[in-house]
Every structure is written in structure tokens, then in C-alpha cells.
Amino acid sequence: MKFRGMAGALALAAAMAGGGAQAAYPDRPIRLVVPFGAGGITDIVARQVGKGMGDALGQGVVVENRPGAGGVIAAQLAATAPADGYTIFMGTVGTQVVNPLIYSKLGYDADKFAPVGMVSGSPYLLAVRGDMPAATFGEFVAYAKAHPAKLNFGSAGNASSPHLGLELLKLTAGVDIMHVPFKSGSEAVNAAIGGQVDVVMDASPVIMPHAASGKLRALAVAADKRLPSAPGVPTAGEAGDAALQISSWNAFFAPAGTPPAVLETLSQALQKTLSSPELRERLASQGTQLYTGTPGEYQGFIAGEKAKWAKIVQRANIRMD
């Protein structure tokens, strides 16, 4: 009788303790907000890395595409989400560096996001529609100069990495090309395939399948090294414009105020995912390099990016007021 009474008391105590205890993080799926539409390099990397993180965390990581306004819509959504670890944001050079430089009223503070860690970088390829009368980068520049303000450049939106690439191209090559913003890189590429725009700039996994089919013509890699995923495509320096260097990069963030223990859990899951040889090889074959930088290393990286793009934005006089 005493044993039964003691057992009942222990069971009651355990139930009370369980009712007051907090569930271990994470105990439900995590939302990953991506600032561009499906099909672009940002989305491609987000889905593959997000899956790996979900496996490491024991919970699904669900990608939510929120394109528009050069990433502003997605960044605002992520910045105002509860700081509980169940919303993370895939920031880009546009959302974290360029938007604060070109908008007087932005609606979010890029510096207040809590960094989880660097994710990836992808050098861009410059490509033209397949029927353009320009077989090389040099011929393209000559054609653009002979037809000032007649060519159209499609991008993933104002202040997106491709848009920055266009502005850099205009400065370094001395060409005058009109900008046409879309909601995603894949939309811009499809517009070039359909002949609505003449020029695009995006990562290798987005450009090369269409270059292989002849629908696009890849002219140059905007980096100082060739890409294994783009055999035969010269670097911009080899093509005559060494200053044309631009990559998309991505980093994961959480809303300001996210508990340090939660950030550490997310960071560990991210680093585990990025160290996967299989994932690294798969994305490298597509022209994307995975980073393994910690939140602290991100701070040094972002300082260099701000200095670089502040000069380009100022020279190109890009404003979105």
C-alpha cells in the first residue's frame, strides 16, 4: 500500500514537472525565408542546405520564397518574426549590404540580424540570348557600344546581385544597357531565352543548362578563375575586363534577440551540413562554393563587402528612394 502511494506521488510529481518544463529546441519545423523566387541560385542553395540542416536538427526546414523589392519584402518579414529560432533568413549581398546603401527608408536594419553563419558563394556568368550576333565578350561589348541604350539586361530585381553585376559591367566595359528587374533570376533567364531581354548574369547552375542547349550564350565568368561547371567559358579577365568580378553570396540569419543557445544550435547544424563532402561536391559541380565561416568570421567578411559595394553604388549613383 505504501509502495503504491509512493509510486502515485512520484508519477504526479513527474507529470507536474513535465507540464512546467520547456520542450527542447527545436520541437517543430523551422521556416527558412528566401528573398527570391524558386529556381534561382539562392533558392537552389537554400533548399539543399536547408534539407541538411533539417536532418541535423531532427526537424524539417521549410523554404518560404518571398520575392520582390530586391529582397526587402523577405528581410522585413524575417526581421519582425518572433525571435524564437523558428524563422531563419537567407541574406544576400543585396539584403545585407546594398539595400542599406541605396534606400533612405528600408523598413529593416540589416546590422541587427543575428548571424548564424556563412553559407555559399557563386561567381556569376555573363550570358546573352542565343541569337545575339556576338560570339565572344569582346564582340558583345563592341555590339553594345554600337547600339547604346538599345540592349536590355534582366535581373532578379533592383539591388539584386545580377543588378549590381550590370552596374559593374556598365562601369568597367563602358556600355549603356537598360535594366529590367524581375522577381527572380529564373524569370530573368527565361525572359532572355524568350527574347524579351538581351543579357543576363547569374550563377552557373542557372545559366549553363540553357547555354548547353544553345538558348543562351555564356560569354564570361565574372571571377579570376574558370569554373569546372562552365568548361570553355573564359574569365572576364581573359576576355578583356579583369575588373568585372561579382559573386552571389548567402548567409543565414535569425531575428535580433534570438537566444544565444538557439543560435548555437542552428550554427552547429549549419556547420555540420556545410562540411558534408557529398553536398560540397554536388554544389561545386554546379559552380557554388560552400563556406564554413562562423558568426564571428562573418563580421570580418561583411566589413569588406560594405567597403567594396559602397564604392560601386556611389560610382553608379544607384538610388531607390
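## Strands 4 and 8

Strand 4 (residues 114-129) and strand 8 run antiparallel, joined by five bridges; strands pair when DSSP finds at least two bridges between them. Across that pairing, Leu126 sits opposite Ala220 in strand 8. Strands here are DSSP runs of E, at least two residues, and helices are runs of H or I, at least four, both numbered from the N terminus.

Strand 8 (residues 216-221) has five of its six residues buried, so the rest of the structure largely encloses it. Buried means under 20% relative accessible area (1.4 Å probe, protein chains only).

## What the model is

This is a predicted model, where local features need pLDDT of at least 70, side-chain atom pairs count only at pLDDT 80 or more, and totals for chains, interfaces and linings use all residues. Numbering starts from 1 along each chain as its sequence is written, and side-chain values use heavy atoms, with hydrogens and water left out.

## Around Ala114

Ala114 belongs to strand 4 and counts as buried, at 14% relative accessibility. Skipping neighbours within four places in sequence, Ala114 is in contact (heavy atoms within 4.5 Å) with Phe252, Phe253, Ala254, Pro255, Ala256 and Leu263. Ala83 is 31 residues away from Ala114 in sequence, with the C-alpha atoms 9.7 Å apart.

## Helix 6 on helix 12

Helix 6 (residues 161-173) packs on helix 12 (residues 295-316) at about 65 degrees, axes 10 Å apart. Axes are lines fitted to C-alpha atoms, for helices over the stretch in contact, with angles from 0 to 180 degrees between N-to-C directions. The two helices are therefore roughly perpendicular, a label covering 65 to 115 degrees.

Leu164, Glu167, Leu168 and Leu171 in helix 6 touch Trp309, Ile312, Arg315 and Ala316 in helix 12.

Notes. Angles under 35 degrees count as roughly parallel, over 145 as roughly antiparallel, 65 to 115 as roughly perpendicular and the rest as oblique. Buried means under 20% relative accessible area, exposed over 50%, partly exposed in between (1.4 Å probe, protein chains only).
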